[in-house]
Every structure is written in structure tokens, then in C-alpha cells.
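I opened this notebook to record, entry by entry, what I looked up in a structure and what I found there. The structure itself comes first, and my notes follow.

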Amino acid sequence: MITLLTNAIQSQFLIEFDYDGGLRIVEPHCHGISSKGNHVLRAYQVDGYSSTGKMGWKLYDMSKVTSVLIKEEIFSEIRPGYSKGDKGMVSIYCEL
């Protein structure tokens, strides 16, 4: 999973996955280890299910992710609101 996410971030490919029973499509910006020791992904959700009904910045616990698909669609810009050195992570594998 680490290599898959790293490649998607470096190439700026959208990712589609099931998370907590709902399909999400996101622009991945950073992945690493959270302060709780979980493998996490910081991404901007652009489509799909959201329990709040809102798109935007989210931190996904990768242990809850299934059916990961790297899309052929590229996002061209870093989303406003993204900051390098994500404070929600104690260790970062890859980031834009």
C-alpha cells in the first residue's frame, strides 16, 4: 500500500477506494504515520460518499480502506489549504 500511495502522490493521480462502506474519490497529498501509530492518508475528497455530505480535506485511516484503484485522471494543482509537513503525522512517507 505504501508504494501504491507514493506512486499516486508523485504522479498526482486520483485514487478511488471504499472507506467505511462508501466509495470515495480523492486527490492524495500526503501519507504517513499518525500520532496514534496508524497509517493515514491526507487527501482532498472530490467525489463519492461522505457521512457529512461535504467534500474537502480529510484524513483517512488506511486500515479502513478497501478496493483501492489508482485512476488515470490527474489533478494538476496542489489544493489550497495544504501544508507540507502535515501536523497530523509523526512520520511522512511521501507528500506533494
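Before starting, I wrote down that a polar contact is a pair of N or O atoms within 3.5 Å, where one must be able to donate a hydrogen and the other to accept it. I also noted that this is a predicted model.

**Entry on His31.** With that cut-off in hand, I looked up the side chain of His31 and found a polar contact of 3.0 Å joining it to the side chain of Thr6. His31 is found in strand S2, which covers residues 22-34, and because its relative accessible area is 0%, I listed it as buried. Leaving aside the neighbours within four places in sequence, I found His31 in contact with a set of residues that includes Ile2, Leu5, Thr6, Ile9, His39, Met89 and Cys94.

**Entry on helix H1.** Thr6 came up again when I turned to H1, where Leu5, Thr6, Ala8 and Ile9 are buried. Seen down the axis of H1, the buried residues fall within an arc of 165 degrees, so they line one face of the helix. The face turned away from that buried side carries the exposed residues Thr3 and Gln10. I then asked myself what covers the buried residues of H1. I found that the cover includes S1, S2, strand S3 (39-48), S5 and S6.

**Entry on backbone angles.** I kept in mind that most residues other than glycine have a negative phi. Just after H1, however, Gln12 takes a positive phi of about 60 degrees, and its place is in the loop between helix H1 (2-11) and S1. I noted a second case in Ser67, which has a positive phi of about 55 degrees although it is not a glycine. Ser67 is found in strand S5, and I listed it as exposed because its relative accessible area is 54%.

**Entry on aromatic rings.** How many aromatic pairs does a search of the whole structure find? My search gave five aromatic pairs. For Tyr19 and Tyr60, the ring centres are 5.0 Å apart and the planes are at 85 degrees, so I recorded the pair as edge-to-face. This pair links distant parts of the chain, since Tyr19 is in strand S1 (residues 13-19) and Tyr60 in strand S4 (residues 56-61), 41 residues apart. Both Tyr19 and Tyr60 are buried. For Trp57 and Tyr82, the ring centres are 5.9 Å apart and the planes are at 25 degrees, so I recorded this pair as stacked. Trp57 lies in strand S4 and Tyr82 in the loop between strand S5 (65-74) and strand S6 (89-95), so the pair ties together parts that are 25 residues apart in sequence. Trp57 counts as partly exposed at 28% relative accessibility, whereas Tyr82 is buried, with a relative accessible area of 14%. I also noted that ring pairs link Phe17, Tyr19 and Tyr60 into a cluster.

**Entry on cysteines.** I looked for disulfides and found that the structure holds zero.

Technical notes: Residues are numbered from 1 along each chain as its sequence is written. This is a predicted model: local features need pLDDT of at least 70, side-chain atom pairs count only at pLDDT 80 or more; totals for chains, interfaces and linings use all residues. Side-chain values use heavy atoms; hydrogens and water are left out. Helices (H or I, at least four residues) and strands (E, at least two) are DSSP runs, numbered from the N terminus. Buried means under 20% relative accessible area, exposed over 50%, partly exposed in between (1.4 Å probe, protein chains only). Contact means heavy atoms within 4.5 Å. Rings of Phe, Tyr and Trp (its six-membered ring) pair if their centres lie within 6.5 Å; planes under 30 degrees apart count as stacked, over 60 as edge-to-face and the rest as tilted. A disulfide is a pair of cysteine sulfur atoms within 2.5 Å. The arc is that of the directions from the helix axis to the C-beta atoms.
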